[in-house]
Amino acid sequence: MNKPTLALTIDRNARISIAEQIRQGITEAIESGVLAPGTRLPSWIDLAIQLGISRGTVKTAYERLSDEQLVVMSRSRGTCVVDNLPPGRAAKKAPESVPTSELFQDFLFPTGDFQMGIPAGDVFPVPLFSRLFAASARHAVQSRQCYGDPRGESELRREIAGQLTLSRGIKCHPSQVFVTAGFTGGLGLILHALSLRGHKAWVENPGFPPARKALSLAGLATVPVRVDSEGMDIEYGIHHAPDAAIALVTPGQQAPLGMALSLERRHRLIEWAHQNGRWIIEDDYLGELQLNRRAAPALASQDIYGRVIHIGSFSKTISPALRLGFVVAPPSLVETVADVAASLSPAPTPAIQMAVHAFLSEGHFLRHLRKMKRVYHARSTELSRIMKALGYTVQVHGLSVLINLPDGSQDRTIAHYAYNFGLAPSPLSAWYQSGVAEKSGLLLGVSGKEGESLLHACERLDRLIRKLA
């Protein structure tokens with residue numbers, strides 16, 4: 001176990017001795033749970049140097065802690081917090097608090113069956129990726145110690161540029177590609193670069209709440225633009241907020257309703273941005289991972305004016321644990337985005353970047369993508385069949401299935417209670433800026449269970465809905 005750096009404060013003018021101050025500080029850390037059982041404390045020499053005092057003073061403090069049975073001192077292990085504290089000295093560890101905002105309650109906190117946005121873990125090639133990551137981590141440790149390129153490792157940026165050309169039709173130079181900490185890291189990078197505080201931004205309604213929150217935190221006023229069978233209604237946005245500076249869209253597969261932005265609206269949106277000097281942020285959260293049709297082309301591939309900023313992510317296609325995404329910036333923004341990356345938002349650790357590079361360049365990614373499409377299609381079909389048999393109206397929206405609830409049902413209430421039963425559906429109303437959907441519904445992620453376990457999860461959800469509806 002790593003030795004902690006103790007944040008002890010020494011007052012040389014205090015009436016009590018320095019050894020006693022150290023004893024009190026460590027005792028408080030143990031009893032509050034900051035120092036967990038088994039934690040190894042710094043050696044006498046290390047702590048003495050850290051505090052600028054003599055080793056004997058530290059030794060005296062440790063001996064007093066040992067007398068109180070709070071630490072164990074040995075030659076082999078050093079000084080460690082005891083595994084079992086004496087009666088009455090047990091750590092008063094308070095549970096970790098969770099923010100009460102709807103963002104955490106509806107999207108970031110719940111876990112369980114039907115959780116949205118989580119890839120199927122049982123089909124991820126864990127041994128393969130573990131081998132690639134171990135190799136890249138060893139190389140990173142053994143290589144010359146220096147800061148990595150804040151834009152991302154050049155090999156990965158070249159590979160991403162090549163993949164985007166082939167799979168998404170985006171013609172870009174590696175210098176336009178910036179590796180980020182997932183989609184949110186990419187969005188933060190761009191919002192810093194654009195610096196549009198006080199302006200308006202179009203957002204899809206319904207749309208991804210964390211992205212909407214990010215725009216608000218950046219000082220933009222979000223304007224909800226309705227969505228229909230052709231995606232974001234561009235004319236609605238122009239009519240209600242013609243002076244908006246940004247349009248944030250999911251053109252490939254609208255989140256959460258699943259339709260693609262029509263060709264006519266794509267052209268209208270790009271022309272609006274070009275004629276008015278506006279920016280379009282494309283959230284290509286699924287990339288090629290679309291189940292019922294050939295992947296819709298990226299909006300950036302149709303942009304001849306350099307107004308579309310493309311943001312992609314490996315969270316859905318590989319794993320959200322990577323927290324790895326990328327931005328393709330138009331040429332006019334490259335220098336500004338590079339400065340922001342270097343100053344505020346550098347790329348994640350090179351080890352994980354190079355593991356992903358190997359995963360892509362060796363052909364594993366495309367094979368994995370094909371497998372995931374087959375698995376997700378089968379699981380969405382099975383989930384739809386079960387819910388229809390239970391009497392629900394079902395719509396498949398990409399990697400989720402939307403079930404409509406009985407009139408008068410409160411989808412957020414049902415989702416809240418579902419968390420207590422190991423279920424994590426997403427309430428449809430939470431995706432609307434107004435918080436009110438036309439119909440009450442639950443979005444069910446399709447990446448989880450199958451077979452009997454899926455049937456049982458559906459039956460648990462059905463019983464809860466019927467009880468609360």
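Reader: Is E20 buried or exposed?
Author: This is a predicted model, and the reply rests on a computed accessibility. Residues under 20% relative accessible area are classed as buried. The relative accessibility of E20 is 16%, so E20 counts as buried.

Reader: Which residue forms a salt bridge with E20 at 2.6 Å?
Author: Side chains of opposite charge can pair when their charged atoms come close. The closest N and O atoms of this pair are 2.6 Å apart, and both residues of the pair are buried. The partner of E20 is R23.

Reader: E20 also forms a salt bridge with R64; how many residues apart in sequence are the parts that this pair ties together?
Author: In the bridge between E20 and R64, the closest N and O atoms are 3.1 Å apart. E20 belongs to helix α1, while R64 belongs to helix α3 (residues 55-67). R64 counts as partly exposed, at 31% relative accessibility. The pair therefore ties together parts whose separation in sequence is 44 residues.

Reader: Over what arc do the buried residues of helix α2 lie?
Author: In helix α2 (residues 44-51), the buried residues are L47, A48 and L51. They are on the same side of α2, because the arc they cover around the axis is only 100°.

Reader: Which helices do the buried residues of α2 pack against?
Author: The residues in question are L47, A48 and L51. After α2 comes G52, which has a positive phi, near 70°. The helices that the buried residues of α2 pack against are α1 and α3.

Reader: What kind of aromatic pair do F129 and F359 form?
Author: The structure holds seven aromatic pairs. In the pair of F129 and F359, the centres are 5.6 Å apart and the angle between the planes is 75°. Planes over 60 degrees apart count as edge-to-face, so the pair of F129 and F359 is edge-to-face.

Reader: Which helices hold F129 and F359?
Author: F129 is buried, with a relative accessible area of 7%, and F359 is buried at 0% relative accessibility. The pair ties together parts that are 230 residues apart in sequence, because the helices that hold F129 and F359 are α5 (residues 126-142) and α12 (residues 350-361).

Reader: Which residues form one aromatic cluster?
Author: F359 also forms an edge-to-face pair with F365, at 6.5 Å centre to centre and 70° between the planes. F365 is buried, with a relative accessible area of 9%. The residues of the cluster are F124, F129, F314, F326, F359 and F365.

Reader: Which ring does the charged end of R307 sit over?
Author: The charged end of R307 is 3.7 Å from the centre of the ring. That ring belongs to W279.

Conventions:
Residues numbered from 1 in each chain as written. Predicted model: local features only at pLDDT ≥ 70, side-chain atom pairs only at ≥ 80, totals over all residues. Heavy atoms only, no water. Salt bridge = Lys/Arg side-chain N within 4 Å of Asp/Glu carboxyl O. Buried < 20%, exposed > 50% of the residue type's maximum accessible area, 1.4 Å probe, protein only. Helix = DSSP H or I, 4+ residues; strand = E, 2+ residues; numbered from the N terminus. Arc of directions from axis to C-beta. Contact = heavy atoms within 4.5 Å. Phe/Tyr/Trp six-rings, centres within 6.5 Å; stacked < 30°, edge-to-face > 60°. Lys NZ or Arg CZ within 6 Å of the ring centre and 35° of its normal.
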